[in-house]
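Hi,

Here is the model I promised to pass on.

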Amino acid sequence: MSKDANPKEALIKAAYADVHKFGNNREFDKAVKAVNRILGVAPDDPTALHCKVVCLVQLSKFEEAYKFIEKNRLSSLAFEKAYCEYRLNKQVQALKTIDDLGLQPLPPNLKELRTQVLYRLERYDECLDSYRDIIKNTSDEYEDERRTNLSAVAANLAVDKDKDVPEVPEDTYEQYFNSACIQSNRQKYIEAERKLRTSEKLCREFLEDEGASEEEIIEEVDVIRVQLAYCLQLQGKVKEAAIIYADCLRHKPNDAALVAVASNNSVVINKDQNVFDSKKKIRAALADACESKLTSRQKQVIAVNNCLLALYTNASDQVQQLSQKLAQTYPQVEFEALLIRCSQLAKDRKHKEAIEQLQKFAAAHKSHEFVSKFAVIQLQLLQGSRKDAIDTLLSLGEAKYKPGIVSALVSLYLGTDNKPAASALLKSAVDWYKKNNVSSGDLSDMWRQAAEFHLRGGASETAASSLEELLKLNPSDTKVLAQLVIAYAQFQPKKALEISRKLPKLETLTTASEIDALEAANWVMSTKAAKKSANAKIEPSPSTPIEKRKSQNRKRKGKLPKNYNASVAPDPERWLPKYERTGFRKKRGGARGKDVIKGSQGMASGAAEQYDMSNRVNLTKNSPVTPVYQETTPGPRQQHRKGGHKKKKGGRF
């Protein structure tokens, strides 16, 4: 018996020595083999069972570790079981495993794990309280990591503007990053941009000091740069943001969440352009690997953008399917999904069906009734049904007296040539505001438009009522006071006279010097008009005597030719070409000029005599005969000589 026990104990002892050695060297795959040797001899050894679970966890074989715990019913390994569930994205199950232990207070390791589970479940208020308690009661080398996690929780809480966010430290680049996320969630994008640039600088310096490779630095910095691009995008710097997104995606990061965010934001920048590129990127954002990495808010935004992309591509069936799935998965954006679906129906010319769906939704959801009716009105106007749009606006109840709705109704009434209805609406709006004494912002524009409309329509009493309300808002407005005088003059002259006394006197408005200065001013003229007015003659007043000047007509002497002799009569043929003059003799030298004729190119030689003016005997000096022209036979096109006249630049001739 002792002979059998000694080899078994020796084997277990040697195997445990190997497990210890491999564990210290972080060779967990070899450690698992050593543990299996122990379990082969002692299958119920609790230490060996625990060691195997730890080795599997260190090898990231969480599924295998979880099944091993369940198979062997290792209830004592609650922490390891909950951790495997946490890493397998079974957050609800992990929380149940911890809470079912019923331990109060929880051990530090379980409490910290529970806090992380709460973060994944997006229960940020509980998570924040738990981290505060851990930081308060714990002091070890992981304090900076806990403070960084606390700032990450605060960043997610900052999405809700009604919640108070604690001040977070800014000692490391991760804490700077989380602080920037708080600012961006509070829509303070300039401050967030400044902190992100600081975080990027600190990250590079820290990783370079740690001896990290360039690839590792880029992978870490890209997270910061994508958040920076988001802040730039919301500031309107779309081109800079697009460059950063493209650069980060070109690096092919291993972080699935980073790829999803950069791809989704690039799709938003593309809108209805680069549709094929957007389809490729939205598929990357919807990949299964991103499911556990993204928050529910991020996944919801990506799903909405996927529906909008289908709308841009005019894929009717896909829009219907995706919008219905969106409404089922995220009920909080059910109305947005309906709007996308109705937009596609409107594109397909199915306005009636879209209106029915919106009316049905409005009847079932009273909180969205007001907005739904405006969507219905938009579809009715696209359909060309102005009367139906007017009826829908009138069905809003007392909300129809809002200034914007009153303006829309008046425009629609005028569009249907129904001025009495527009006048009645404005009158009822004025009466409603006076009766209810409602002050919803600045109503001066509405009062002014109503008064001018009624003045043009001849409804002076209603106009006066509107002008009185407008005068209450701004008692020093002389223009309104003058309009009120004009309105009362139509039906109450005495009151008009009484109110007119409040108007400033004419002498206080302008003086003679101001009028002269205004007339002399040239600040409203163009440059040419100002110069012209400066050079213009100033007309004297009627009382100023005008001195009459004698008009002097200057006569210019005509130009005479050189060697002009007044005693000799000018040659009557001086305006004729030389070859048409009587004394002209053509040259008779050489064979080259033998057959040369005068006239158009391509002229027959028989026509030479007709145009030779030297052979005309019957011409007299006083009455030259006009030659008779005849149509010539068509000749070749004129060829331009080399070295002829060059065209002048800048002119057509």
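First, a term: I call two cysteines a disulfide when their sulfur atoms are within 2.5 Å. By that cut-off the structure holds zero disulfides. Cys231 is in none, and the nearest cysteine sulfur, which belongs to Cys181, is 7.7 Å away. Cys231 is also buried, at a relative accessible area of 0%, and Cys290 is buried too, at 4%. (Buried is under 20% relative accessible area, exposed is over 50% and partly exposed is in between, with a 1.4 Å probe and protein chains only.)

Some housekeeping before the rest. This is a predicted model, so to speak of local features I ask for pLDDT of at least 70 and count side-chain atom pairs only at pLDDT 80 or more, while totals for chains, interfaces and linings use all residues. Residues are numbered from 1 along each chain as its sequence is written, and side-chain values use heavy atoms, with hydrogens and water left out.

Now the cores. A nonpolar core here is a set of buried Ala, Val, Leu, Ile, Met, Phe, Trp, Tyr and Cys residues joined through side-chain atoms within 4.5 Å. The largest has 28 residues, and those touching the most other members are Ile182, Leu196, Cys203, Ile224, Val226, Ala241 and Tyr245. Two or more residues each come from H9 (143-157), H10 (173-185), H11 (189-209), H12 (214-234), H13 (238-250) and H14 (256-270); H12 gives the most, with eight. (Helices are DSSP runs of H or I, at least four residues, and strands are E runs of at least two, numbered from the N terminus.) Apart from that core lies another, of 21 residues, including Val35, Leu39, Val53 and Leu74.

Ile224 is worth a click: leaving out residues up to four places away in sequence, Ile224 touches Tyr173, Phe177, Leu196, Ser199, Glu200 and Cys203. Contact means heavy atoms within 4.5 Å.

Then there is H6 (residues 91-99), whose buried residues are Gln91, Ala94, Leu95, Thr97 and Ile98. Seen down the axis of H6, they fall within an arc of 160 degrees, so they line one face of the helix; the arc is that of the directions from the helix axis to the C-beta atoms. These buried residues pack against H5 (78-87) and H7 (108-120), whereas the face turned away from the buried side carries the exposed Val92 and Lys96.

Cheers
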